[in-house]
Amino acid sequence: YRTYKPCEDLATLIKCYWTLENPKEDTPKKQTIVPDGCMEMIFHYGDLYKQYTEQGNCIVQPKCFVIGQLTRPLEIEPMGETGIFSVRFHPNGFLPFATIHVKKMENTAIPLGQLFGNAGKEIEQNILNAHTALERIKLTESFLLNRLTEVTTIDYVVKSTLETILSASGQLSINEVSKQTTINRRQVERKFSSAIGLSPKQISKMIRLQSILKMLLNKQFTNLTSLAYENEYYDQAHFTKDFKELTGFTPKEFYGDNLKMSSLFYGTD
């Protein structure tokens, strides 16, 4: 697993690029992707992945797609050798490229051809034919910069509210956030829905969970109770409820194999 920085012109929209390569496993394991408020554009230059639905059925992911905001844990499973190149956008970073309302993309893998027509199919082929991560980054940046012909105005309300949530590691209530930013709560919620596809409350939950996963990964805690209080949860039950909603596991169950995959796929590094 490796991460790469975007060019300066795209740094306000793209958090990073990452690649993951893994040989075929004899007994492939399901992996849990934890929502983190970031949309991703994913290219499978290796074999495809299965994606499990809420009903427990499974579908095969497209070869190249954008996955909308996750509001629940996503279970996937490799079907062979893994070769993935991905663009991880900042929470409001995909908006300038969206051809469908971001809210309608929730929990869904949408093929690039459906989003961008022939240009989507062309970038898909070019990325799959490329041989190195740096080649893929160059191709992707040229594709995205071409689609940024109009100067995109980043909504001030969304930007400042997001910065407040991030700097508080998701620990402020939405009332406190609107007080600090002196922006009307209803206005914030409406703008978040159209720019990010999530409510401020949902994204705060995800950001708070990401900082907990980082602490779990780096073993920066004495026990799970202290972890809950350090991250400003009312009590252990509130912590466990939020944790299970976003990971599908209790904190105790999650601390193991799932932690490794979460760090790979959702940038808690």
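Two aromatic rings of Phe, Tyr or Trp are taken as a pair if their centres lie within 6.5 Å of each other. By that criterion, the predicted model shown above holds nine aromatic pairs. One of them joins Tyr 17 and Phe 85, whose rings are stacked, with 6.0 Å from centre to centre and 15 degrees between the planes. Tyr 17 belongs to strand β2 and Phe 85 to strand β9, so this pair ties together parts that are 68 residues apart in sequence. Burial counts as under 20% relative accessible area. Tyr 17, at 0%, is therefore buried, and Phe 85, also with a relative accessibility of 0%, counts as buried too.

Phe 85 takes part in a further pair, this time with Phe 43. Here the ring centres are 5.8 Å apart and the planes stand at 35 degrees, so the pair of Phe 43 and Phe 85 is tilted. This pair also links distant parts of the chain, as Phe 43 sits in strand β4 and Phe 85 in strand β9, 42 residues apart. Phe 43 is buried, as is Phe 85. Through these ring pairs, Tyr 17, Phe 43 and Phe 85 are linked into a cluster.

Six strands form an open sheet in the order β1-β2-β9-β4-β7-β10, and their pairing is antiparallel. At the edges are β1 (2–4) and β10 (109–111), each of which pairs on one side only. From one strand to the next, the twist averages 25 degrees. Within the sheet, β2 (residues 14–22) and β9 (residues 82–89) run antiparallel and are joined by eight bridges. Leu 20, for example, has Ile 84 in β9 as its bridge partner. Helix α2 (residues 133–146) packs on the sheet, where it touches β1, β2, β4 (40–44) and β9, and its direction makes about 40 degrees with that of β9.

Arg 136 lies over the face of Tyr 45, at 3.8 Å from the ring centre. Lys 30 is placed over the face of Tyr 52, at 4.1 Å from the centre of that ring.

Finally, helix α6 deserves a look of its own. This helix covers residues 200–217, 18 residues in total, and reaches 26 Å from its first C-alpha to its last, close to the 26 Å expected at 1.5 Å a residue. Of the 18 residues of α6, 14 are buried, so the helix is largely enclosed by the rest of the structure. After α6 comes Lys 219, which has a positive phi, near 50 degrees.

Definitions and conventions
Residues are numbered from 1 along each chain as its sequence is written. This is a predicted model: local features need pLDDT of at least 70, side-chain atom pairs count only at pLDDT 80 or more; totals for chains, interfaces and linings use all residues. Side-chain values use heavy atoms; hydrogens and water are left out. Helices (H or I, at least four residues) and strands (E, at least two) are DSSP runs, numbered from the N terminus. The expected span of a helix is 1.5 Å times one less than its number of residues. Buried means under 20% relative accessible area, exposed over 50%, partly exposed in between (1.4 Å probe, protein chains only). Two strands pair if DSSP finds at least two bridges between them. Axes are lines fitted to C-alpha atoms, for helices over the stretch in contact, and angles run from 0 to 180 degrees between N-to-C directions. Contact means heavy atoms within 4.5 Å. Rings of Phe, Tyr and Trp (its six-membered ring) pair if their centres lie within 6.5 Å; planes under 30 degrees apart count as stacked, over 60 as edge-to-face and the rest as tilted. A charge sits over a ring if NZ of Lys or CZ of Arg is within 6 Å of the ring centre and within 35 degrees of the ring normal.
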